[in-house]
Amino acid sequence: MKSRDSMVRLKSFQVTEKRRQLQQLQMMMAEFERMSKELEHQITLEEKKSGITDRNHFAYPTFAKAARQRADNLQVSIRELKVQEENAELALEEAEAEFAKASALEERDGGMRARA
């Protein structure tokens with residue numbers, strides 16, 4: 001039953017790949033969160049330095065405006081990655097179920113060959 005053995009290996013590879021993709025998404029989200037927090041810190045420092053915290057004030061620091069926009073863009077990206085993460089988790093669960101099914105068939109077939 002070489003075809004079953006290759007099927008188990010294929011399913012194992014798919015599970016490994018789905019885990020890698022999920023981990024990559026999580027690492028990207030963590031990095032974006034870190035960058036966003038750093039930008040927020042820089043914005044706070046710039047606002048303290050200028051003494052202006054009202055974003056609509058004519059003299060609000062340009063750097064703070066730009067940093068705020070970048071931080072907002074990162075938050076949008078994080079939300080989009082969360083959706084991708086949920087989809088990746090579902091795909092991983094499906095791949096793990098298929099792997100478990102293929103492994104069970106391989107074990108069953110292996111047991112039958114041993115008895116024969």
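Throughout this tour, a residue is called buried when its relative accessible area is under 20%, exposed when it is over 50%, and partly exposed in between (1.4 Å probe, protein chains only). The model is a predicted one, in which local features need pLDDT of at least 70 and side-chain atom pairs count only at pLDDT 80 or more, while totals for chains, interfaces and linings use all residues. Residues are numbered from 1 along each chain as its sequence is written, and side-chain values use heavy atoms, with hydrogens and water left out.

**Whole chain**

Oriented along the principal axes, the C-alpha atoms fill a box of roughly 85 × 15 × 15 Å. The radius of gyration is 25 Å, whereas a compact globule of 116 residues would have one near 13 Å. That radius is taken over C-alpha atoms, and the globule rule is 2.2 Å times the number of residues to the power 0.38.

Next, colour by burial: 24% of the 116 residues count as buried. Among contacts (heavy atoms within 4.5 Å) between residues at least 6 apart in sequence, 75% join residues at least 24 apart.

**Along helix 1**

Select S36, which is found in helix 1 (residues 2–50). S36 counts as buried because its relative accessible area is 5%. Display A71, L74 and Q75 as well: S36 touches these residues, not counting those up to four places away in sequence.

Move on to E46, also in helix 1. With neighbours within four places in sequence left aside, E46 is in contact with P61, F63 and A64. Its relative accessible area is 18%, so E46 is classed as buried.

**Across to helix 2**

Select Q84, which lies in helix 2 (residues 62–115). Q84 is partly exposed, with a relative accessible area of 43%. Then draw a distance from Q84 to Q26: their C-alpha atoms are separated by 9.9 Å, although the two residues are 58 apart along the chain.

**Salt bridges**

Now show the charged side chains. A salt bridge is defined as a side-chain nitrogen of Lys or Arg within 4 Å of a carboxyl oxygen of Asp or Glu, and the count by this rule is 7.

Select R68 and E40 for one of them; the closest N and O atoms are 3.0 Å apart. This pair links distant parts of the chain, with R68 in helix 2 and E40 in helix 1, 28 residues apart. E40 is partly exposed, at a relative accessible area of 30%, whereas R68 is buried, at 13%.

The side chains of E47 and R68 meet in a salt bridge of 3.9 Å, N to O. Here too distant parts of the chain are linked, E47 being in helix 1 and R68 in helix 2, 21 residues apart. Both E47 and R68 are buried.

Finally, select K49 and return to E46. These two form a salt bridge whose closest N and O atoms are 3.7 Å apart. Why are K49 and E46 separated by about one helical turn? The reason is that they are 3 residues apart in helix 1. K49 is exposed, with a relative accessible area of 66%, while E46 is buried, at 18%.

Technical notes: Helix = DSSP H or I, 4+ residues; strand = E, 2+ residues; numbered from the N terminus.
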